[in-house]
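Me: I'd like to learn how to read a fold like this one. Can we take it feature by feature?

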Amino acid sequence: MIIPAPGNVIVEVDYSSFHVLTLGYNAQSRAYMDLARSDAHSYVCAHMLRTRIKEDTKDELELATREHISDLAGWLSLPREALLDKLGWIKHHYGKGLRQQAKAGILGIGLGLGVDKLHSHNEASFNPSVAEAEQWIRDNPQATFYDPGTKRMRRVSTFPAEIQVMLAQEKLGKAAAKALRELLEKLFPEVFRWQFRIRQQAARDQFLVSRYGGIRWFHNVTEWNAQQGREVPGEDAEAAIAFFVQNDAFGKIREAMIEIWEETPWGRMMNNTVHDSLVFDVPEHQAMECAQDVARIMQRPAKMLKHPELCPEGLVCGVEVSIGKNWNELKVVRLEL
Ligand SMILES: [Mg+2]
């Protein structure tokens with residue numbers, strides 16, 4: 001547990017979906033950038049719901065959901081407030097459930113994860129419950145699974161009961177990850193095209209240089225697969241896809257840290273950085289002042305991330321401020337900047 005000095009509080013200022021935003025920026029996708037600034041997870045979740053609600057459902061939430069997403073195709077052209085309302089409703093009703101899968105999928109594409117890793121890194125989100133797996137086994141008694149002992153496929157009922165459930169969970173979870181990946185490719189083809197191009201560039205040049213001057217070497221972006229008779233992604237493929245997305249965000253975070261140090265007293269009170277947030281240990285009566293200065297500086301346009309149409313002044317990412325007596329009691333604070 002992180003506890004501030006006596007009489008102090010912790011102020012955390014956290015970028016919102018920065019890596020989703022830098023991915024949209026790199027892919028020059030205004031839609032993806034807009035969603036990063038609203039709630040991409042709920043938007044994707046709404047699309048997942050479209051195919052999940054059965055025609056003859058009597059469930060109240062499902063009926064309300066069907067009504068709610070009936071105009072989904074036009075959501076991205078709605079005024080911002082209306083879009084936020086739509087997405088907020090989804091988050092409210094599906095935040096603990098299906099939206100977690102959407103979130104895993106969006107974070108996964110940013111990191112260049114394929115279907116298998118997307119699934120294995122997020123089994124808790126993708127795998128169905130034991131009860132659902134058991135129901136599936138009852139509905140699909142013909143299903144067969146590979147048995148490494150005999151190196152053959154065997155009918156599901158010939159495995160021990162707990163193994164049956166595990167196998168079914170694995171199969172259904174992987175299928176869910178695959179379906180999500182396909183949905184994302186359909187929703188944001190420009191993002192995947194950009195990732196493909198960057199991978200090719202990294203494979204050809206064996207290095208990438210970011211806008212903030214970071215260089216990273218790649219030796220194995222693609223490798224020859226003799227069995228398949230073609231080039232396949234190698235062990236550096238994910239790193240190549242993630243490099244600009246991550247380096248752009250961290251370049252801006254470093255820029256903000258330097259400015260906080262040079263322009264304010266708070267740099268000396270910074271004690272941690274967690275993913276894309278900055279954490280300060282400050283006297284309680286100065287907490288709001290610190291939060292406002294830091295939030296203002298972090299939300300300045302990124303000097304090296306400009307685009308003539310998407311962000312001529314530089315990319316701006318929003319932040320969320322939390323203040324609390326310790327790491328466990330942080331509360332989100334709304335600031336007027
Ligand atoms: Mg964050």
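Me: Let's start with T57. Leaving aside neighbours within four places in sequence, which residues is T57 in contact with?

Reply: Those would be E62 and L63. Keep in mind that we're looking at a predicted model. T57 sits in the loop between α3 and α4 (60-68).

Me: Is T57 buried, partly exposed or exposed?

Reply: Count the other C-beta atoms within 10 Å: 20 or more makes a residue buried, 12 or fewer exposed. T57 has 13, so it is partly exposed. As for D14, 43 residues apart from T57 along the chain, the two C-alpha atoms are separated by 41 Å.

Me: Okay, now the whole thing. How many helices and strands are there in the protein?

Reply: You'll find 13 helices and eleven strands. The C-alpha trace spans about 70 × 55 × 45 Å along its principal axes. Of the 337 residues, 34% count as buried. And if you take the contacts with a separation of 6 or more, 62% of them come from residues 24 or more positions apart.

Me: How do I read two helices that pack together?

Reply: Two packed helices are described by the angle between their axes and the distance between the axes. On the α3 side the contact is made by S42, Y43, C45 and A46, and on the α5 side by L87, I90, K91 and Y94. By class, that contact of α3 with α5 has six nonpolar residues, one polar and one charged.

Me: Which residues of α3 meet α6?

Reply: From α3 you get A40, H41, S42, V44, C45, M48 and L49, and they meet L98, R99, A102, K103, G105 and I106 in α6. The contact of α3 with α6 divides into eight nonpolar, three polar and two charged residues. Here the axes of α3 and α6 (residues 98-110) come within 8 Å and cross at roughly 115°. The crossing of α3 past α6 is right-handed.

Me: What about a single helix? How can I tell which way its buried residues point?

Reply: An α-helix has 3.6 residues a turn, so residues three or four places apart point the same way. Now look at α2 (residues 30-37), where Y32, M33, L35 and A36 are buried. Seen down the axis of α2, these buried residues fall within an arc of 165°, so they line one face of the helix.

Me: What covers the buried residues of α2?

Reply: The cover includes α1 (18-26), α3 and α11 (189-205).

Technical notes: Residues numbered from 1 in each chain as written. Predicted model: local features only at pLDDT ≥ 70, side-chain atom pairs only at ≥ 80, totals over all residues. Helix = DSSP H or I, 4+ residues; strand = E, 2+ residues; numbered from the N terminus. Contact = placed C-beta atoms within 7 Å. Nonpolar A, V, L, I, M, F, W, Y, C, P; charged D, E, K, R; others polar. Arc of directions from axis to C-beta. Axes fitted to C-alpha atoms, helices over the stretch in contact; angles between N-to-C directions. Left-handed = near helix turned anticlockwise from the far one by under 90°.
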